[in-house]
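Hello,

Here is the structure I promised to hand over. Have a look at it first, and then read on for what turned up in it.

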There are 2 protein chains.
Amino acid sequence: MTTIALDALGGDLGLDATVEGAAALSREPSDIRVMLVGDARRISERLAKVSYDPTRLEIVDADGCVRMDEDPRRALEEKPRCSVLTAAGLVADGDADALVSAGNTGATILASAIRFQRLPGIRRAALAAVYPTEQRHGPKKDPFALMLDVGATLQAEDVDLVGFAVMGAAYSSIISEIVAPRIALLSNGTEPNKGTDAIKAAHKRLIGGPLNFVGNVEGLDIPRGTVDVIVCDGFLGNVVLKMLEGVSEVFRDIAKQASGRKLQWKMGLAMLGGGLKRLRRMTDWKAYGGAPLLGMDHVIIKAHGRSEARAIRNAIKVAAKAAEGDLIGRIEQGVGALGLAEAESRSAE
Amino acid sequence: MTTIALDALGGDLGLDATVEGAAALSREPSDIRVMLVGDARRISERLAKVSYDPTRLEIVDADGCVRMDEDPRRALEEKPRCSVLTAAGLVADGDADALVSAGNTGATILASAIRFQRLPGIRRAALAAVYPTEQRHGPKKDPFALMLDVGATLQAEDVDLVGFAVMGAAYSSIISEIVAPRIALLSNGTEPNKGTDAIKAAHKRLIGGPLNFVGNVEGLDIPRGTVDVIVCDGFLGNVVLKMLEGVSEVFRDIAKQASGRKLQWKMGLAMLGGGLKRLRRMTDWKAYGGAPLLGMDHVIIKAHGRSEARAIRNAIKVAAKAAEGDLIGRIEQGVGALGLAEAESRSAE
């Protein structure tokens with residue numbers, strides 16, 4: 001059994017998404033148990049309206065939650081028993097194997113920093129996101145690749161980028177089941193001398209090392225999906241990821257406008273069924289289950305704030321898979337192979 | 001009459017694109033005259049195969065050109081009479097009003113730096129690109145917005161970003177005929193305190209000033225086209241622009257694969273005609289004519305290396321419009337209004 005602590009109050013849709021997602025998962029065959037963390041009375045009421053397997057769901061009471069628009073630091077100080085801190089505490093205490101939250105991103109990161117330990121050799125945390133690509137990845141032929149950091153560490157130094165590469169490789173190898181994921185730095189050209197100072201220095205540290213580092217990739221390679229893991233700083237990753245989201249929105253808008261307008265369009269869309277579905281799936285990365293927050297000594301999955309039940313269910317499954325695949329152990333191995341922990345302790349002397 | 005000096009040998013397609021593009025334009029009613037700069041014999045031979053208006057085309061001989069894969073600095077040193085340097089010289093000497101090249105980007109930037117003067121108050125040059133957006137812009141309802149820098153200045157300081165804002169506003173006001181283009185900084189959030197140090201400082205310099213500065217925009221706003229001009233450093237702009245190009249490629253690939261496969265698909269595509277055309281146009285920014293290189297005392301348009309005749313023709317028209325609209329004068333006005341030249345001379349003391 002793998003146990004997931006779910007922040008049941010986080011996310012734009014609150015209990016409607018979290019309780020339904022967890023309940024749906026409990027009805028499927030799996031070894032996953034979910035602790036629904038939040039206002040016990042409200043969770044019970046919501047659960048009474050859906051069917052679920054009571055042996056695989058548990059309610060853990062918490063007091064309050066961090067709203068999406070609240071200042072995370074102040075909110076966590078004022079509400080020490082809120083859902084995300086309580087859920088993180090269950091993981092830290094060994095009652096659960098991983099944390100899942102669709103709530104305020106800053107609060108999830110901060111709650112993790114409070115309850116968990118930073119992994120030795122990893123100076124800065126990274127939020128990684130899967131995004132849709134044209135090319136397939138790994139033995140499961142996943143239609144997505146991984147990018148990190150997408151928002152935890154705005155300005156990253158070379159050693160931080162190397163840490164991201166280690167963590168991205170570990171996560172990709174578990175989730176996409178790729179033995180040696182192809183890792184690249186995102187830059188303004190493929191040549192090793194292209195990029196910011198941090199990128200050029202990270203390139204030197206990664207080339208010829210234990211990871212399957214294939215060099216720099218460009219913006220073109222993002223949608224193509226030339227590599228399995230793209231490494232960049234959180235500022236660039238944030239802009240790129242939100243831009244992909246924007247492209248997806250625009251695509252949906254145009255399709256919606258067009259299909260609402262004409263019978264001819266509706267017929268055309270029906271005929272194009274398969275191809276459009278492929279395009280749509282490529283832009284529907286919310287299906288892929290959320291972004292891991294990497295760099296701590298426990299598995300943390302941040303689901304999208306707008307997650308519906310299906311996205312919550314997928315985030316729980318991804319969290320369980322990462323925990324079962326020993327994500328933390330694999331990151332520690334990578335840190336060891338690259339000598340990051342020794343480098344850190346030397347620089348601390 | 002507006003005269004454009006065209007680097008006839010630059011670009012992947014060479015004379016096939018440049019001579020045909022210039023010839024096509026000469027057959028249309030306009031006040032534009034083109035100087036085709038390159039190997040005079042080869043240009044004449046190529047011209048003999050197309051129809052054109054000889055009163056609006058002139059050949060200027062040059063010796064050699066910079067290939068796309070050459071090191072720009074070395075190539076320009078070794079070939080001082082090459083097409084791009086000769087064309088830039090014609091503009092510097094007042095024989096032509098603007099330079100257009102589809103050749104090696106580095107060579108175009110370097111040739112401009114050699115032949116032209118940097119504008120006082122503008123510390124760093126910027127390459128600006130128009131890209132397709134969902135929202136329309138200005139009285140002409142242009143389906144594109146402007147982004148700069150996309151590759152001339154990799155790491156920009158706050159004053160550089162302010163200079164880019166001034167130049168982008170001037171260019172957008174001429175090309176899209178917008179009286180006060182909406183300018184924004186690209187960041188990881190809309191709040192003034194979001195972004196890198198350079199972005200936060202540039203925000204302070206721009207807010208409440210003479211430009212129509214609307215604050216920060218996020219990645220989501222790029223495809224939506226929320227503003228008319230997006231300002232960022234050349235590293236970020238390069239990644240974003242190439243990514244848009246990649247998205248466009250992927251879209252075309254999928255449509256092509258699908259339409260080649262099934263009769264049903266072909267019928268569906270035919271029925272969707274208008275809507276798909278809109279999607280395709282949105283991703284076909286090469287139609288918009290090339291990227292201005294801003295910061296020098298003359299108009300320079302860098303056309304895409306893969307430009308075909310139509311793209312060359314559009315680049316020439318854009319260059320003429322920028323020259324006729326007094327792009328340089330408008331940038332100087334903006335520099336004056338923001339006090340950039342005074343700031344520069346103070347910091348030089």
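Although Lys141(B) is not a glycine, its phi is positive, at about 55 degrees. Please keep in mind throughout that this is a predicted model.

Further along chain B there is a peptide bond to look at. Leu148(B) is joined to Asp149(B) by a cis peptide bond, with omega near -5 degrees. Asp149(B) belongs to the loop that lies between β6 (142-148) and α6 of chain B. In chain A, the bond between Leu148(A) and Asp149(A) is cis too, and its omega is about 0 degrees. Asp149(A) is found in the loop between β6 (142-148) and α6 (158-175) of chain A.

Now for some helix packing in chain B. Two packed helices are described by the angle between their axes and the distance between the axes. Helix α1 (residues 15-27) and helix α2 (residues 40-47) of chain B have axes 10 Å apart and pack at an angle of about 60 degrees. At that angle, α1(B) and α2(B) are therefore oblique to each other. Their crossing is right-handed. On the α1(B) side the contact is made by Leu15(B), Val19(B) and Ala23(B), while α2(B) brings Arg42(B), Ile43(B), Arg46(B) and Leu47(B). Sorted by class, this contact of α1(B) with α2(B) has five nonpolar and two charged residues, and no polar ones.

The axes of helix α6 (residues 158-175) and helix α7 (residues 197-206) of chain B come within 8 Å and cross at roughly 50 degrees. So α6(B) and α7(B) are also oblique to each other, and the crossing of α6(B) and α7(B) is right-handed. From α6(B), the contact uses Asp158(B), Leu161(B), Val162(B) and Ala165(B); from α7(B), it uses Ala198(B), Ala201(B), Ala202(B), Arg205(B) and Leu206(B). Seven of the residues in this contact of α6(B) with α7(B) are nonpolar and two are charged, with no polar residue.

Over in chain A, follow the sheet. It is open, has eleven strands with mixed pairing, and runs in the order β3-β2-β1-β4-β11-β10-β5-β6-β9-β7-β8. Its edge strands, each pairing on one side only, are β3 (57-61) and β8 (213-217) of chain A. On average, neighbouring strands of this sheet are turned by 30 degrees against each other, direction ignored. Within the sheet, β4 (residues 98-101) and β11 (residues 299-302) of chain A run parallel and are joined by four bridges. One of the partners is Ser101(A), which is bridged to Lys302(A) in β11(A).

Two helices lie across strands of chain A. Helix α4 (residues 83-92) lies across β1 (2-7), β2 (32-38), β3 and β4, and runs at about 165 degrees to β1(A). Helix α5 (residues 105-115) lies across β4, β10 (291-294) and β11, running at about 170 degrees to β11(A).

Finally, how is chain A divided into domains? Domain 1 covers 1-122 + 295-325 + 343-349, and domain 2 covers 123-286. Their contact takes 14 residues from domain 1 of chain A and 13 residues from domain 2 of chain A. On the side of domain 1 that touches domain 2, the largest share, four residues, comes from α12(A). By class, that side of domain 1 has seven nonpolar, four polar and three charged residues.

Methods. Residues numbered from 1 in each chain as written. Chains lettered and ligands numbered in written order. Predicted model: local features only at pLDDT ≥ 70, side-chain atom pairs only at ≥ 80, totals over all residues. Domains from an automatic or database assignment. Contact = placed C-beta atoms within 7 Å. Nonpolar A, V, L, I, M, F, W, Y, C, P; charged D, E, K, R; others polar. Axes fitted to C-alpha atoms, helices over the stretch in contact; angles between N-to-C directions. Parallel < 35°, antiparallel > 145°, perpendicular 65-115°, else oblique. Left-handed = near helix turned anticlockwise from the far one by under 90°. Pairing = 2+ DSSP bridges.
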